[in-house]
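I went through one topic at a time and wrote down what I looked up.

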Amino acid sequence: MKELIILGSTGSIGRQTLDVVRKHQDAFKIIGLSAHQNVDLLAEQINEFKPKAVVVSDRKYVQKLRNLLKKDVDILDGKDALTKLVLFDADLVLNALVGSAGLESTIAVIKTGKTLALANKESMVIGGEIINRLLLKNGGVIIPVDSEHSAICQCLLGEKTQEINKVILTASGGPFRGKRSSELRRVTVEEALAHPKWNMGKKISIDSATLMNKGLEIIEAHYLFNLSYDDIEVVIHPQSVIHSMVEFVDGSIKAHMGPTDMRIPIQYALSYPERLPSPIPMLNLLTVDKLTFEEPDSVNFPCLRCAVEAGKKGKTYPAVLNAANEEAVAAFLNGEIAFLTIPEVVDKVLSKHKPVEPVELSVLKEAESWARNQASEIIKTARY
Ligand code: MG
């Protein structure tokens, strides 16, 4: 029986994780859950999974949560609550927080020596250098939950790093694949949220529409698998049947295929190194479309190029890229800026940045808050 702590249990990944746990009650037990504000759902989860402790990061909602509970549970709140939660006895922590808020928890989990199932790719993008240094010092294991990285991780089982020729990340292309910037000018929030293949949260759905998500995933892969940027390629594969590939020096390519459902990589991260029966129906190859591959369009979708450049420059650039993007995506979701203004904001903030070596977390935080201020200034003048 593996004991689990789920950070961000009311979000899209959190809910799907609990669905996996629900299907394997003899394999997993929930020790801790966390949510930001959605205490109605958190209360249902607590009543069903009976964790020892939970976190409500927004203090205002603690009393409301208490009123909704059938049985008492240890409720932690305030600034260090997540750090305290991950100290509870457990085998694995799944970090499904959204955005840069997840970095501190990622670091806290590694320090405990527990296995980290990482769905919060922003942690790796912002703090990849610090995280890898910490892993070298403390030891520890990160199992990626991101479907592409889970695929790569599985393709690399039993292989030697020096025999990798390159890693090929697949991308669906998002809802606007094939569109030109003239057609992207007036797209609405609803259109951008309507992802053709994956069922995901809002932030990542917008990132998929701009292709920033793939850019962030390149940086994530660089740090997770210690790959040079020149050895990571992106290919558009609209059917999303192949979740990523690894090409080896002898010309062999291993591809990871499966249903387009996040519960598969989530379950793999929870059960690793074992495999458990699928929580969903198997992929029927006879119902699959033709598999096609295209080059990504970095002219009409400049976020991809922007992210790779920031990744290659390193230092505080990836943190600035991510913070500026978070601000721009939030502004787009609020109806404040147009879709095409997202890459403009990110590009402008990056071009003003004076990079610093990320020796510690405080340096990254400073770079992020600088980037957020710059982005909000640009957003103010760019408003419709
Ligand atoms: Mg992904």
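Entry 1, rings. Which residues do ring pairs link into a cluster? I looked this up and found Phe176, Phe332 and Phe339. I note here that the model is a predicted one.

I then searched the whole structure for aromatic pairs and got three. One of them is Phe176 with Phe339, an edge-to-face pair with 5.1 Å from centre to centre and 80° between the planes. I checked where the two rings sit in the chain. Phe176 is in the loop between β8 (164–171) and α8 (181–184), and Phe339 is in the loop between α14 (317–333) and α15 (341–352). The two are 163 residues apart, so I put this pair down as a link between distant parts of the chain.

Are Phe176 and Phe339 buried or exposed? I found both of them buried.

I looked up the exposure of each ring separately. Tyr268 has 6% relative accessibility and therefore counts as buried, the cut-off being under 20%. Tyr272 has a relative accessible area of 29%, so I wrote it down as partly exposed.

I looked at Tyr317 and found Lys313 lying over its face. The distance from the ring centre is 4.7 Å.

How many salt bridges does a search of the whole structure find? I got 28. I followed up some of them.

The side chain of Glu217 meets that of Lys121 in a salt bridge, at 2.8 Å from N to O. Glu217 lies in helix α11 (residues 212–224) and Lys121 in helix α6 (residues 121–138), so this pair ties together parts that are 96 residues apart in sequence. I found Glu217 and Lys121 both buried.

Glu217 came up again with Lys214, in a salt bridge whose closest N and O atoms are 2.7 Å apart. Lys214 and Glu217 are both in helix α11, three residues apart, which I noted as about one turn of the helix. Lys214 counts as buried because its relative accessibility is 6%. Glu217 has a relative accessible area of 1%, so it is buried.

Next I took Asp230 and Lys312, whose side chains meet in a salt bridge at 3.7 Å, N to O. Asp230 is in the loop between α11 and β9 (232–236), while Lys312 is in helix α13 (residues 303–313). They are 82 residues apart, and the pair links distant parts of the chain. Asp230 counts as exposed because its relative accessibility is 62%.

Which residues make a nonpolar surface patch of about 430 Å²? I found Met257, Leu283, Leu285, Leu291 and Phe293. I looked up Met257 in particular and found it in strand β11 (residues 253–257). Its relative accessibility is 39%, so Met257 counts as partly exposed.

Notes:
Residues are numbered from 1 along each chain as its sequence is written. This is a predicted model: local features need pLDDT of at least 70, side-chain atom pairs count only at pLDDT 80 or more; totals for chains, interfaces and linings use all residues. Side-chain values use heavy atoms; hydrogens and water are left out. Patches are made of residues with over 30% relative accessible area and no salt bridge: like charges are joined within 9 Å, nonpolar side chains (Val, Leu, Ile, Met, Phe, Trp, Tyr) within 5 Å. Accessible areas come from the Shrake-Rupley method with a 1.4 Å probe; for residues, only the protein chains shown count as cover. A salt bridge is a side-chain nitrogen of Lys or Arg within 4 Å of a carboxyl oxygen of Asp or Glu. Helices (H or I, at least four residues) and strands (E, at least two) are DSSP runs, numbered from the N terminus. Buried means under 20% relative accessible area, exposed over 50%, partly exposed in between (1.4 Å probe, protein chains only). Rings of Phe, Tyr and Trp (its six-membered ring) pair if their centres lie within 6.5 Å; planes under 30 degrees apart count as stacked, over 60 as edge-to-face and the rest as tilted. A charge sits over a ring if NZ of Lys or CZ of Arg is within 6 Å of the ring centre and within 35 degrees of the ring normal.
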